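Here is a short briefing to read alongside your viewer.

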Amino acid sequence: ITHPNPRAIAADIASWFYDRPFSAMASVGITGTNGKTTTASLLLQLWQMQHREVGMIGTLGTTIGADFYPGTFTTPEGTELQAIAASMRERSLTHAVMEVSSHALSQKRMLGSHFDLVAFTNLTQDHLDFHGTMENYFSAKSLLFTQEYANRGFINTDDAWGKKLYQSAEIPVEKIAREDHKADWHYSSIHQVTGGYEVAIRGTGGVLIEGRIPLVGAHNLDNVLMAVALGVASGLDHLAIGRDLERLVGAPGRLEQVSVGQNFLALVDFAHTPDAVTRVLSAVRESTSGRV
C-alpha cells in the first residue's frame with residue numbers, strides 16, 4: 001500500500017490488524033493540559049485495589065499487569081499503541097487507561113482507538129509552538145469527545161474550556177466540579193487535615209463516597225474526583241472506593257516527597273507550564289506555615 005501521508009492511515013490499519021484491541025477491555029482515555037498522569041495513576045490504583053487486571057499508557061511509560069516499560073511519548077505512535085493494547089488483551093487485562101495528548105489527536109495517532117470512557121481535566125497555555133493558538137489546541141483535545149473515539153465523557157467544568165467542551169461534545173457527558181453542587185460529580189464537603197483532606201463525594205445515581213485523601217493541593221482534589229467518577233463508571237464498587245481513598249499515592253514526580261533525614265519537607269514536581277507551577281506553589285503554601 002502506498003499513501004502520501006502514511007501516518008494518516010497507519011494507526012487505523014494497525015487497529016484492524018490487531019482486531020480492535022481497545023474494544024476488548026474497559027478502556028479510558030484522559031486528555032487535558034495538567035492532571036492526566038496523576039488522574040490515570042489514581043484510577044489505576046482504584047482498579048488494582050478492587051482486583052482488576054489493569055494496564056496504563058502515558059507519560060511515565062507503559063504498565064501491563066505487574067510489568068513496567070519506559071516510554072518516550074505521552075501517547076505512542078499509532079502502530080505501537082495498537083500493538084501495546086493487543087499485548088494487554090493477550091494477557092487478559094480487563095481495564096486499561098491511557099493519557100491522550102493533543103499532538104496524538106492532531107497527528108491521527110489515535111485513529112482506530114475507541115474508548116468506553118474519556119475525560120477532560122483542564123486546558124491552560126502549553127504546546128502553542130505546535131498548535132499556534134489556544135483555539136486550535138482546544139479543537140485538538142475536543143476530538144476525543146466524538147463518536148469516533150468514545151461512548152461517554154466526563155468533563156471538569158470548573159475549567160472555562162471545560163464548560164465550552166460540555167456544550168459542544170458529540171457524546172453523552174457528565175460534569176465534574178469541585179464545589180458546583182449541580183454538577184453530576186462534586187464534593188459535598190471538604191475538610192483539610194494533616195497531609196490531605198476528609199471529603200464527601202456526591203455522584204450520579206445518588207452515590208455518596210466518604211473518606212480521606214492523603215494528597216495535598218486543590219488540583220489533587222480535582223484529580224481524585226475525576227478518578228473516582230471514572231472508577232464508578234467503569235464498574236467499581238463505590239463503598240469500597242470510600243475505604244480505598246486513604247491508600248492512594250500520588251504519581252511519581254507529582255509533589256513526590258523526598259526524605260533523607262532533613263529537617264524540612266522536600267517535594268519534587270514535574271510542573272512545566274505556568275498554570276502547573278502556580279498550582280504546585282499554592283498547594284505547598286497551604287500546607288506549611290514556614291518558608292517555601
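By class, how many nonpolar, polar and charged residues does the lining of the second largest pocket have? The lining has eight nonpolar, two polar and two charged residues. Please keep in mind that this is a predicted model.

**The second largest pocket**

- The volume of the second largest pocket is about 230 Å³.
- Two elements, β13 (266-268) and α10 (274-286), each give two or more residues to its lining.
- With three residues, α10 gives the most to this lining.
- The lining includes the nonpolar residues Leu255, Leu265, Ala266, Leu267, Val280, Leu281, Val284 and Val292.
- Ser287 and Thr288 are the polar residues of the lining, while Asp269 and Arg291 are the charged ones.

**The α6 and α7 pair**

- Helix α6 spans residues 134-142 and helix α7 spans residues 160-168.
- Their axes come within 11 Å and cross at roughly 50°.
- On the α6 side, the contact is made by Met134, Glu135, Phe138 and Ser142.
- On the α7 side, Trp161, Lys164, Leu165 and Ser168 meet them.
- Taken by class, the residues of this contact are four nonpolar, two polar and two charged.

Terms used: Residues numbered from 1 in each chain as written. Predicted model: local features only at pLDDT ≥ 70, side-chain atom pairs only at ≥ 80, totals over all residues. Heavy atoms only, no water. 1 Å grid on protein atoms, 1.4 Å probe; cavity = no way out; pocket = protein on both sides within 12 Å on 5 of 7 lines; lining within 4 Å. Points joined across faces, edges and corners; volume = space filled by probe spheres on them. Helix = DSSP H or I, 4+ residues; strand = E, 2+ residues; numbered from the N terminus. Axes fitted to C-alpha atoms, helices over the stretch in contact; angles between N-to-C directions. Contact = heavy atoms within 4.5 Å.
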